[in-house]
Amino acid sequence: MKNTPSHLPEKARKSICEALRAVLVDGLDLYTQLKVAHWNIKGPQFAALHPLFDQFATDQAANNDEVAERILTLGYLAVGTARHVARKSRLPDYPQDVTKDLDHVALLAERIGAHLEGLRAARDVAKRLDDEDTFDLLTGMVEAFEKICAERLTDEDLVRRCKIDAVVRLADLDGVHAAREVALQQKDDDTVSVLTDIVTEFEKHAWFLHATLGG
Ligand SMILES: [Fe+2]
């Protein structure tokens, strides 16, 4: 008995499922990378990007599910354990020591771009083999990613907002230094300690000021 409702010939289904399995593997990899970015991100854009990356991850999990289920519909089995993904993913690995917000944006944009390439390649296979349903499924995903890349991850407004944040922080830092001087004179050790922590935190973001205001 045929284990699929599909009208497509066996050879076509096999080729399409191979392409879909590659997409699934990349998609599962991208999901974990989005979560790592969501967890590790720090910086002025944390408030905007931390939930945004989580939303991307949720959307990606839904995509993975749809691709896996399409593979089953075509009569094959989904493959996607972490170990399998680690061996087969076509995405570059994600550095797990990165915290800077805009660095995460650049890293994710690159990986989403790589995943898009895989989606388009699988879509070409579906088109060539007359699988309209897989073609439509993948087109929906391609369009959603293109929207993300165009509107969110390369958002010029985001960069502008980061620069504004940087200016605000730079101005604040002078105030913090001045307040710390006063606390020092008053021998208020507790206030000095709190303000020193803030200064140290600001200095950690010095890279950001150089990168956005200098360049
Ligand atoms: Fe979370």
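Among contacts in the chain between residues at least 6 apart in sequence, what percentage join residues at least 24 apart?

Analyst: The model is predicted. For contacts between residues at least 6 apart in sequence, the share that joins residues at least 24 apart is 74%. The chain has eight helices and zero strands, so that its elements, read from the N terminus, are α-α-α-α-α-α-α-α. Of its 215 residues, 29% are buried.

Now the core. The largest nonpolar core comprises 35 residues, and those with the most contacts inside it are I16, L20, V23, L24, L34, F53 and A122. At least two residues of this core come from each of α1 (10-40), α2 (46-73), α4 (101-128) and α5 (132-153). The biggest contribution is that of α1, at twelve residues. In soluble globular proteins, nonpolar side chains tend to be buried together.

L34 is one of the core residues with the most contacts. Apart from neighbours within four places in sequence, L34 contacts F53, F56, A57, Q60 and L108.

C17 also has its place in helix α1. C17 counts as buried because 24 C-beta neighbours lie inside 10 Å, where the cut-off for buried is 20 or more. With neighbours within four places in sequence left aside, the contacts of C17 are I71, L74 and Y76.

Conventions. Residues are numbered from 1 along each chain as its sequence is written. This is a predicted model: local features need pLDDT of at least 70, side-chain atom pairs count only at pLDDT 80 or more; totals for chains, interfaces and linings use all residues. A nonpolar core is a set of buried Ala, Val, Leu, Ile, Met, Phe, Trp, Tyr and Cys residues joined through C-beta atoms within 7 Å. A residue is buried if 20 or more other C-beta atoms lie within 10 Å of its own, exposed if 12 or fewer, and partly exposed in between; C-beta atoms are placed from the backbone. Helices (H or I, at least four residues) and strands (E, at least two) are DSSP runs, numbered from the N terminus. Two residues are in contact if their C-beta atoms, placed from the backbone, lie within 7 Å.
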